[in-house]
Amino acid sequence: MRKCWLVFLLSISAYALSAPVELKVNLRVGSQPLQWGQTYQTPQGLRYQIDLLKFYISEVALVRPDGREVRLDGLSLAEFKRDGPTQGVRVMMMDVPPGQYRGLRFNVGVPRELNHLDAGTQQLPLGVNSGMYWAWNPGYIFYRLEGIALLPEGNQKWVIHMGTDAFRLPVRLHDLQTRRVQINIPPSGRVITLNLDVAKAFEPGPGGAFVDWRKQSLRQLHGLSPETSLLMSVVYFNMQSAFSLAQ
Amino acid sequence: MRRRQFIALGLLLGVGLLGFFLWPRPTQSTSTADLPIPPQASPRVLFAERTVPIPEDNPQTPAKVELGRRLFYDTRLSKDGTVACASCHKPEFAFSDGGKPVSTGIFGRKGLRNAPTLTNVAFRRHLFWEGRSPRLELQAVGPLTAHDEMGLEPEELAQKLGAIPEYARAFQEVFGEAPSLKTVTYAIAAFERTLVSYNSPFDRYQAGDDSAMSQAALRGMELFFGEKGDCFHCHVGPDFTDDEPRNTALYTVYKDIGLARATGKDEDVGKFKTPTLRNVALTAPYMHDGSIQTLREAVQHYNRGGEPNLNADALIRPLGLTDPEVEDLVAFLESLTDRSFTTNPALLPPRGKGSTP
């Protein structure tokens with residue numbers, strides 16, 4: 001009987017110690033909400049549309065004011081498809097100790113210890129049915145953005161498949177120096193919404209290098225290939241600042 | 001006091017040495033009477049018998065193999081309904097693409113690489129030309145989803161097959177679940193594990209049939225397995241492949257960089273997996289890009305030692321083979337052809353449809 005009380009008390013205190021937090025994402029092009037079928041323009045004047053975005057989010061942690069962090073388990077696959085919602089889409093649910101935080105960090109990607117297991121035996125959101133398994137380059141695509149380029153010779157499909165352990169993308173949305181980032185999590189929980197500017201990928205890198213879809217070889221941007229790794233690195237660098245906390 | 005210690009130590013050492021020499025040890029048997037007599041019928045068997053390795057999570061069943069066969073020959077597994085696995089892996093060409101350097105996928109899109117034979121593919125430890133895929137189930141994801149091959153997203157494939165009652169029923173029977181990319185690849189892999197070929201003139205010669213191979217082919221075999229032709233270091237084992245990526249000095253500058261595409265390393269540029277040579281006479285053209293038309297030209301490439309390339313395999317060098325020797329090697333390669341494999345009804349399309357979709 002006493003044991004039952006103990007279990008009851010423990011479960012009550014566990015409940016009080018964690019608040020449900022929902023992570024949502026808004027897709028943006030620059031500062032505007034992404035719209036399927038709308039034609040956008042890169043800084044270099046190339047016209048394009050977005051058709052698909054899927055990415056993994058993992059190794060999420062909330063950062064306390066003193067710099068320690070609360071690490072949260074879980075791996076999610078965020079999916080945005082043509083004609084589906086692009087604003088306020090839930091990508092993850094977490095249980096978090098209530099309190100004051102100065103931001104969060106996470107990785108876009110699959111943790112290394114999961115990335116190299118036999119995909120045949122893994123379950124969703126991993127496994128081959130995820131559509132993110134890379135058959136010729138075992139492991140998963142971490143960030144998969146696809147669309148069409150409107151070129152003078154006609155519409156051409158392009159893909160950006162960012163993956164391999166070298167391109168696991170760290171996103172840091174915390175600030176301990178100023179009071180600019182404040183995330184208060186009450187015991188009842190809350191929603192944290194992120195903006196993701198998908199057009200960041202197309203900003204020019206060092207020496208003005210950019211993803212030029214007029215070149216056929218750059219319409220397929222993949223992992224580590226030496227042919228495209230410079231531009232993959234540009235995209236990778238740009239994407240580190242593509243996420244922001246929505247106000 | 002000290003002297004006594006020395007004496008004791010000396011005694012101990014002496015006993016130890018004596019023990020070492022006198023200790024009974026197994027003697028080498030000089031009689032051969034109890035050794036098994038080598039089978040007289042096949043004095044030339046190079047390879048032990050092998051069984052097809054089956055992964056634990058995908059046991060073979062007749063129903064699964066049959067389902068895999070139907071899927072293998074079904075063009076509905078592609079986005080525009082024109083491409084099946086068998087479109088580029090045609091049985092009459094030992095499951096390769098019949099003379100085409102590269103294959104044509106959905107909407108007429110051309111691939112970049114030569115479709116390899118599926119002869120004895122169950123035994124390959126590495127798949128794809130880079131050799132980066134560990135097993136057939138996972139390899140099949142590539143062509144099914146690649147935008148220039150069959151081009152289906154996992155959801156589209158599941159929906160398409162789920163709407164075909166025969167398939168919905170068959171998947172339920174075999175896997176206890178609805179069709180999905182995963183179950184499709186598992187069924188296809190089960191069928192691919194039945195694509196075994198062991199009945200070439202070379203195999204019959206190995207089994208003791210002296211008349212199975214021509215004199216030219218026999219001379220070619222000596223060259224193949226000798227240091228002069230030096231083919232056997234890479235084309236090794238029962239399927240004539242080591243399954244390893246190597247640069248064969250085909251070009252100085254490779255348009256398709258091979259393994260480096262996946263690893264990003266300069267030393268991997270131009271490395272492609274050693275292909276099997278079984279049924280090689282049926283699988284022209286050759287090399288990863290199908291740039292060499294005939295077996296003779298392929299042998300001549302190695303005879304010349306290829307083009308200058310820093311990544312070239314250490315074994316690539318001019319071989320100094322004479323023209324007749326090149327012909328003999330070609331004759332040997334032709335003796336690896338197994339027509340009972342390409343005409344085996346169990347491997348052809350079900351219900352006797354045309355052999356290619």
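1. Helix axes are lines fitted to C-alpha atoms, over the stretch in contact, and angles run from 0 to 180 degrees between N-to-C directions. This is a predicted model, in which local features need pLDDT of at least 70 and side-chain atom pairs count only at pLDDT 80 or more, while totals for chains, interfaces and linings use all residues. Residues are numbered from 1 along each chain as its sequence is written, and chains are lettered from A and ligands numbered from 1 in the order in which they are written.

2. Helix α2 (residues 62-72) and helix α7 (residues 165-175) of chain B pack at about 145°, and 9 Å separates their axes. The crossing of α2(B) and α7(B) is left-handed (the near helix is turned anticlockwise from the far one by less than a right angle; clockwise would be right-handed). B:Ala63, B:Lys64 and B:Leu67 of α2(B) meet B:Ala170, B:Glu173 and B:Val174 of α7(B). Four of the residues in this contact are nonpolar, none is polar and two are charged. Here Ala, Val, Leu, Ile, Met, Phe, Trp, Tyr, Cys and Pro count as nonpolar, Asp, Glu, Lys and Arg as charged, and the others, Gly among them, as polar.

3. Chain B contains 14 helices and two strands (DSSP runs numbered from the N terminus: H or I of at least four residues for helices, E of at least two for strands). Of its 357 residues, 42% are buried. A residue is buried if 20 or more other C-beta atoms lie within 10 Å of its own, exposed if 12 or fewer, and partly exposed in between, with C-beta atoms placed from the backbone.

4. Chain B is divided into domain 1 (62-197 + 341-352) and domain 2 (201-337); such bounds come from an automatic or database domain assignment. The domain centres, taken over C-alpha atoms, are 27 Å apart. Contact (C-beta atoms, placed from the backbone, within 7 Å) involves 25 residues of domain 1 and 24 residues of domain 2 of chain B. The domain 1 side of chain B that touches domain 2 comprises nine nonpolar, 10 polar and six charged residues.

5. B:His301 belongs to helix α12 (residues 295-304) of chain B. B:His301 is partly exposed because 19 other C-beta atoms lie within 10 Å. Beyond neighbours within four places in sequence, B:His301 contacts B:Ile292 and B:Gly306. Its C-alpha atom is 7.8 Å from that of B:Leu250, which is 51 residues away along the chain.

6. Most residues other than glycine have a negative phi, and most peptide bonds are trans. B:Asp243, however, has a positive phi near 65° and lies in the loop between α10 (215-225) and β1 (245-246) of chain B. B:Asn279 also has a positive phi, near 60°, and sits in the loop between β2 and α12 of chain B. B:Asp243 is partly exposed, with 18 other C-beta atoms within 10 Å, whereas B:Asn279 counts as buried, with 24 C-beta neighbours inside 10 Å.

7. The bond from A:Leu124 to A:Pro125 is cis, with omega near 10°, and A:Pro125 lies in the loop between α2 (112-115) and β9 of chain A. In chain B, a cis bond joins B:Ala284 and B:Pro285, with omega about -5°; B:Pro285 is in the loop between β2 (272-273) and α12.

Note on methods
Contact = placed C-beta atoms within 7 Å.
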